Amino acid sequence: MEETKSHIVLKAENLKVGYRSKRSETCIAEGINITLNRGELVSLVGANGIGKSTLLRTLTQTQDALEGAVYINSKALDTYDALQLAKVLSIVFTEKLISKNLSVFELVALGRHPYTNWIGSLSDTDIQKVNYALSLTHIEALKHKKCFELSDGQLQKVMISRALAQDTDLIILDEPTTHLDMYHKAYVLKLLQKLAKETGKTILFSSHEIDLAIQLCDKMIVMTPEQVISDSPCNLISQGVFSQLFPTDLIQFDEKTGTFRVNK
C-alpha cells in the first residue's frame, strides 16, 4: 500500500488561479502547492465564494491558470490533448443533465466515450467496464431505469458510476452532495472513501460538508482568504486552520471534537 500511495497522480506547483481579460487580471488565490497520491480521498473546502470552483476548473483545464503548472502523472496538464486527458481525468460537475431520458446504463456508458470507435459502439470490454462501475456503486438494480425516474441521491451515484466507467487515475467532483439530505450526503462521501481504497483511484471533491470530510478524507485542501493549505485533517486541526475558515462571531471550530459549533 505504501508503494501505491507514493505515486503522485496530481501535482500543482506555485499555482495562481483567477480570471484574465485583455485589460486586467483578477487573482482568486496564489502560491498553491498540492500533491495528491494514488488511492487518496481528498476534499477541497472553504467558505462560499472563496474560489473552490475556480481552483477545480483550473485543475481540470476548463480554465487557464494565471501562473504556475499542474501535472497529472508527471505530465504537464497543458500538454494533454482532449482524448489523452479524458483517459486520465474524469469530472463530475453539478450541471443539469442534458437528457434524463437516457437509461442508467446508457448514461454510465457515456464514460466509455474516450475508448469507443467513431461510431460509438461498445465493445465487450466497454460493457464489462460499465457493469463493473454499476456494481461498485451498488446500482445494478437501476440499470434499465430512465434517469428522470431517479432520486437525487440515485442520480449522483449514476454520475459517479459514469466517472468510474471512464477508468481514469483521477476523478474530480464539484459539490457531489448538493441537494442531498444528511443521510445521503454521508452515504455518498462514505462511498467515495470506499471507492478510493478499493480501486486505487485518486478522488478529489469540493464540499461544504467539512465535518464529514475531516472524518473520512486522507487529505484536505483548505482555502482561506490568506492561503490555500493542503495536509491531513489531523495536521490541519493541530495547526488551527479550520478556525480561520469563518468569522468566529457565530460559529467556532472545536479542535477536541473536530466539528463546528454555533455560539450560544
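1. This is a predicted model. In it, the side chain of serine 206 comes to 2.9 Å from the backbone nitrogen of glutamate 175. Serine 206 belongs to strand β8, which covers residues 202-206. Its relative accessibility is 0%, so serine 206 counts as buried, the cut-off being under 20%.

2. Which residues is serine 206 in contact with, leaving aside its neighbours within four places in sequence? They are Leu44, Leu56, Leu173, Asp174, Glu175 and Pro176. Of these, Leu173 and Asp174 lie on strand β7 and are buried.

3. Strand β7 (residues 170-174) is largely enclosed by the rest of the structure, because 5 of its 5 residues are buried. Leu170, Ile172 and Asp174 point one way from the strand, while Ile171 and Leu173 point the other way.

4. Strand β7 has partners in β6 and β8. With β6 (residues 89-92) the pairing is parallel and has 4 bridges; isoleucine 172 of β7 is the bridge partner of isoleucine 91. With β8 the pairing is also parallel and has 5 bridges, and here isoleucine 171 has isoleucine 203 as its partner. Between β7 and β8 the chain passes through helix α7 (residues 182-199), in a β-α-β crossover that is right-handed.

5. The open sheet has 6 strands in the order β6-β7-β8-β3-β9-β10, and its pairing is mixed. β6 and β10 (228-231) are at the edges with a single partner strand each, so one side of each has no neighbour in the sheet. From one strand to the next, the twist averages 15 degrees.

6. Further along the sheet, β3 (residues 41-46) and β9 (residues 219-223) pair in the parallel sense over 5 bridges. Leucine 44 has isoleucine 221 in β9 as its bridge partner. Helix α7 packs on the sheet and touches β3, β7 and β8, with its direction at about 160 degrees to that of β8. Leucine 44 is also one of the contacts of serine 206.

7. Is aspartate 64 buried or exposed? Its relative accessibility is 62%, so aspartate 64 counts as exposed, the cut-off being over 50%. Aspartate 64 sits in the loop between α2 (52-59) and β4 (67-72). Apart from its neighbours within four places in sequence, aspartate 64 is in contact with Gly18 and Thr58. The C-alpha atoms of aspartate 64 and arginine 20 are separated by 9.0 Å, with the two residues 44 residues apart along the chain.

Note on methods:
Residues numbered from 1 in each chain as written. Predicted model: local features only at pLDDT ≥ 70, side-chain atom pairs only at ≥ 80, totals over all residues. Heavy atoms only, no water. Helix = DSSP H or I, 4+ residues; strand = E, 2+ residues; numbered from the N terminus. Buried < 20%, exposed > 50% of the residue type's maximum accessible area, 1.4 Å probe, protein only. Polar contact = N/O pair within 3.5 Å; in protein donor to acceptor, adjacent residues only side chain to side chain. Contact = heavy atoms within 4.5 Å. Pairing = 2+ DSSP bridges. Right-handed = clockwise from strand over helix to strand, strands pointing away. Axes fitted to C-alpha atoms, helices over the stretch in contact; angles between N-to-C directions.
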